[in-house]
Each structure stands twice: as structure tokens, then as C-alpha cells.
Number of protein chains: 2
Amino acid sequence: MSFRLIPSDLLAMATIALCWMPASGGPGGAIAFPHDYRGWTHVKSALVGSESSLFATEGGIHHIYANSAAMEGCRTGKFPDGAMIVYDLLETVETRGLTVEGTRRRVDVMVKDSHRFSESGGWGFRRFLGYYEAAPISSPASAPQVCFGCHQSQSAHDFVFSTFRK
Amino acid sequence: MSFRLIPSDLLAMATIALCWMPASGGPGGAIAFPHDYRGWTHVKSALVGSESSLFATEGGIHHIYANSAAMEGCRTGKFPDGAMIVYDLLETVETRGLTVEGTRRRVDVMVKDSHRFSESGGWGFRRFLGYYEAAPISSPASAPQVCFGCHQSQSAHDFVFSTFRK
């Protein structure tokens, strides 16, 4: 077991890669909740603890899931239309050194549609708070470019932060 | 974000549910490494930290994966022949409160074959150390029932500890 220190929070930025855009998600209506995402491929996971500056919003364990089209993108670096990626954030419960998954905090979704979301690299984004059974919370309409503002740094990887952990 | 204490290590026992049997895995030869398991369904995850009594052997983050037959078992409580479950244990790297996945420590596999493994609830077990590219390490032949000795407590769930985290 090794715990190595690395010099920056870049990894944090890479793993909490999804944020939000307006509930409309762009022309054509809102991005729907992907009810089947727990059957998608598990890309990678990370844990944000109380010592992290990101704890308030990202604290807990998060998993990245990709549908089959997004997995093609993970392999080739180019994500086809229809690619969907989920950032699944759960609370954690710790007992004597064992940390297990608790209540879901949030599900963030990014969807590739090069025509519908042409102004943000072909990606649309939407955030759902808590369990998916609950009504999704619309994101502030005043911040339509927040997600892409961060994701556009990853233009060399088609605006996706996560890479598949083999 | 909540951190609630629970009274026992039962959850630890439930999440580190897989152990080992002889390399032969029973009649018919060894259980082969399931090279496609990273495409299986992600069942759940947990983290074993340095404060845990299980740290020496189980320290790190582990993910449970189930193939489609095992997912049928997760839904019905009865696992058909062909069901396979993987316990995927990775080291972790922590930086200022962010814990990400590191080197793979181990892959434990359980396979349902009611005829081949009739003496252990229909399940065979095998352990692979490190990355699957490396040669699998044969488990001590002197401990053929260690896995099932623990798993048989879960007879009401067909000897499987993990339940699907939705």
C-alpha cells in the first residue's frame, strides 16, 4: 500500500470533471436522466475527503460511468454523438477505517450531440441532485458556460477529463 | 456529507467478500482470469484505510464487478451457473484530501458452477495478484475451504456477500 503525494489539485480537476448548464441543456429540450447508467462501464473512481478544498461540493466517493458510445471515445479520443458520461457522487460512511458508500448526493451528466451543443464542443451538461427518483434541480440559467469553461481545457481529448482506468 | 459510525466490522466482512481456494479451482482445471471484467456491471465499492484491522491485506479501494449472469443473481437472489463476480483491489494515492486509484493489488474471482464446485455451494474461487498481465499466483493448496468458510454465512443470498448498490 503506498500513499504518494502529488504536487497539485490537477487530479481533482480531472476527476470532478462535470458541472452544470441550464436545465434546457440547449436547443431541443432538457437532457433526460439516464436511468440505465448503473449498467454502463465503470471508468474510474475517487474519494474527496474533508481535507480537500473541494469537500463542500464534492465530498464523498464519486464514480465515472460511460455508455458504449463514450467508451468508444475513451478508446479513440474522439467521442461520437450519443456518447454519455455520468459523474455519480455518493456520501460515505466510515467505521474504524472502512469507508462504504452512502446516500447519493448528485448525478452529473454530459451528452455528446455535435449539432445541439455546437457552442460547447458538442457536449451538453445537466446536474441532478440526490437520488434520480427525485425531481432534477435546474441549474442556474445565469451560468450556461460553467461546465464547458472547465472542460474546454481538455480539447485534446474531445473535452473529456476522465480516462479509462484499466 | 455525513460520517456515521456503525457498531461492527460486519460491513467489512460483507465488502471484502472474496478470498481464495487452490489454483486448480476444483475439477476441470484452473479458473481463468476474466479479461473482460472491467466491462461488467459495477456493483459497489469501498475503501479500507490504515485504521482498519484489515489494512494489511485489504488496504486500498476495492470495486465489485458482476457479469450479466451474476447480475441476474443480484436481482433474484439465485445465481445461475456462469455467474462470475470480481473483487478488484487497487492501491490508493492521496493528495490533500483527494484519494485516487493507484496500482492494482489483486483480483479475486468467484465463479458459479453447481457441478464443478458442488462442495462449496456451487462456487469456485481464485486469486490473482497484481495486474492480470502478470502470471497468476497460485493460492496455497493447504487452504481449499478458506473462501467458502466465510461465504457460507451468506447461504440466504446464495453465498454472495455483495448486493447491488443502485
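Me: What do the buried residues of helix 3 of chain A pack against?
Reply: They pack against strand 1 (41-48), strand 2 (60-66) and strand 3 (84-95) of chain A, with contact meaning heavy atoms within 4.5 Å. Helices (H or I, at least four residues) and strands (E, at least two) are DSSP runs, numbered from the N terminus. This is a predicted model, where local features need pLDDT of at least 70, side-chain atom pairs count only at pLDDT 80 or more, and totals for chains, interfaces and linings use all residues. Residues are numbered from 1 along each chain as its sequence is written, chains are lettered from A and ligands numbered from 1 in the order in which they are written, and side-chain values use heavy atoms, leaving out hydrogens and water.

Me: Which residues in helix 3 of chain A are buried?
Reply: In that helix, residues 68-76, the buried ones are A:Ala69, A:Ala70, A:Met71, A:Gly73 and A:Cys74. Buried is under 20% relative accessible area, exposed over 50%, partly exposed in between (1.4 Å probe, protein chains only).

Me: And what happens just after helix 3 of chain A?
Reply: A:Gly77 takes a positive phi there, about 90 degrees.

Me: New topic: where is B:Leu54?
Reply: B:Leu54 sits in the loop between strand 1 (41-48) and helix 2 (55-58) of chain B. It counts as buried because its relative accessibility is 17%.
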